[in-house]
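Student: Could we go through some salt bridges together? I'd like to see the structure first.

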Amino acid sequence: MRCQICKENEATIHLTEITDGLRNEMHLCELCAEEEGITIKSQVSINELLSSLLAAKPTDEELLGDSERKLSCPRCGFTLEQFHKKGLLGCPYDYEVFDKILSVLIEKAHDGQTVHRGKVPSKTPTQMKSQIELLDLRRQLDAAVKSEDYEKAAKLRDKINQIEN
Amino acid sequence: MKLTDISGDINEWFSGSGPLADVVISSRIRLARNLAGHKFLSRCSASERSAILKELRDVLMPLELGDKIFYISVDKAPVLDRSFLVERYLISRHHAEGRGPRGVVIAQREFFTAMINEEDHLRIQVLKAGLQLSQCAEQMNHIDDAIEQKVDYAFSPRYGYLTACPTNLGTGIRVSVMLHLPALKMTDQIEKFFNAARDMNLAVRGLFGEGTEAAGDFYQISNQATLGVSEADIISQFENAIIPDIAEYEKAARTLLLSKQLDVLDDKISRAMALLGNAHLISSQEALFLLSHLRMGINMHEYMGASTPAIKRLCTQSQQDDDTDKTGGVSIATINRLFMLTLPAHLQLNYGKPLDPTHRDILRAKIIRSELASG
């Protein structure tokens, strides 16, 4: 696709703007985008950038650009750079702050699993317990659908609906 | 309690008893836990670490475990004591070499230890002799429940128990089984075991040796994934499939040695007896290597009824020619004692002071000669 402005270079930046419900698409080359005052960084969220870098198996240097260094945990001040050095997190809340990047690592480290199964502290509030049960049922539902066990899937779906209502 | 109260003998889980004891040394279950409302240790100041240490120590010390409990302040312990605790599997090397306020709570019979401020706030483990993972899990679960009554663990519905390293997330469980696999090594099949373990995403490492080196043919096999698979499923997989299969392979290799490689087998056992019975200087690594062959010989005699010339001499005759009263040969208990009591820190602690490597090698050789002579 050619750039909409110069109509010469290949368009490498694709913007979709929705204003008052109206959708407006722009396809620009890097030079024209810069002249229009559009920079790449401002259009991509830090987390998206991190996870796309991670998906492309980045080297240490690639993973830790300036923007990534800026992300820090409001509770413990921890940054991804520190995680990369030690492989250890700063506080339990880091799992939420750095979820986008951690979830990819976690899935890799645990044979593709992403949700806890097993012991739950007995003191856990009832509401959280049903949340955990729902997460587990959804995981089982996914597995049932994947293995084309639709009878089991239907039962699981009914059970999920029952808890949700 | 002093460490010398336990250093003179082996611990329960190294006693050579329990299910599949000819191949499985011991079963261990470890849980990683962190306190809610605290940072993980890498972000904690010394005073925060002290507060966590105090809180957990106060919860752990009154636990009803059916045994005496004692506490060791690891950061204040002498280097030799720390090395002893590592050799004894009461603390990890990481804990021994760590920094800041940290400690360990130990049941005197050594079936339970709790490391405080290791990589996570709390690492609790239960150990038993032979293949007894279900029994470990049951006891571990009771202890974990009792602790949880007094503290709030960091837990999320999606990720389970939250740990400092994302690789321990979820159940926080590490199931480990210590195995003695000399025949697989001797028949050049140990690589198959490594490859099978790797394919199943299990971790294998050597025991007693430096780094990953497996001195004395002891290996530890552990799960790696801790998220998305329940404690019960991991344990059942180990107890009903993985470990019995490995034990069968090792036994098949022992049968192979007996049927097809008798000379190789007897050569190894006879050489081990001769060297251990006569050496005046022996390193820890060499001792482990040779003791392993004797251990296998005795177990082949006890569990398979093997009676090759070398095994017969090892198990039924005294090592001292002039001692005509003794006909019992070397017992498995003696070999197990020698494995543990001749490790460097054990030697020095029992001797009463630090020794340089040469003097350790002299003392080690002397103890081995004397124990083998008395059976």
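Student: Which residue does B:R364 meet in a salt bridge?

Tutor: This is a predicted model, so local features need pLDDT of at least 70, side-chain atom pairs count only at pLDDT 80 or more, and totals for chains, interfaces and linings use all residues. Residues are numbered from 1 along each chain as its sequence is written, chains are lettered from A and ligands numbered from 1 in the order written, and side-chain values use heavy atoms, leaving out hydrogens and water. A salt bridge here puts a side-chain nitrogen of Lys or Arg within 4 Å of a carboxyl oxygen of Asp or Glu. At 2.9 Å, N to O, the partner of B:R364 is B:D361.

Student: And where do B:R364 and B:D361 both lie?

Tutor: They're three residues apart, about one turn of the helix. Helices are DSSP runs (H or I, at least four residues), and strands are too (E, at least two), numbered from the N terminus. The pair sits in residues 357-374 of chain B, helix α14.

Student: Is B:R364 buried or exposed?

Tutor: Buried means under 20% relative accessible area, exposed over 50%, and partly exposed in between (1.4 Å probe, protein chains only). B:R364 has 1% relative accessibility, so it counts as buried.

Student: Which residue pairs with B:E12?

Tutor: B:E12 is partly exposed at 41% relative accessible area. Its partner lies 97 residues away, in the loop between β3 (103-107) and β4 (112-116) of chain B. With the closest N and O atoms 2.7 Å apart, that partner is B:R109.

Student: How many salt bridges are there between chain B and chain A?

Tutor: One salt bridge joins B:D145 and A:K119 at 2.8 Å, N to O. Between chain B and chain A, the count is five.
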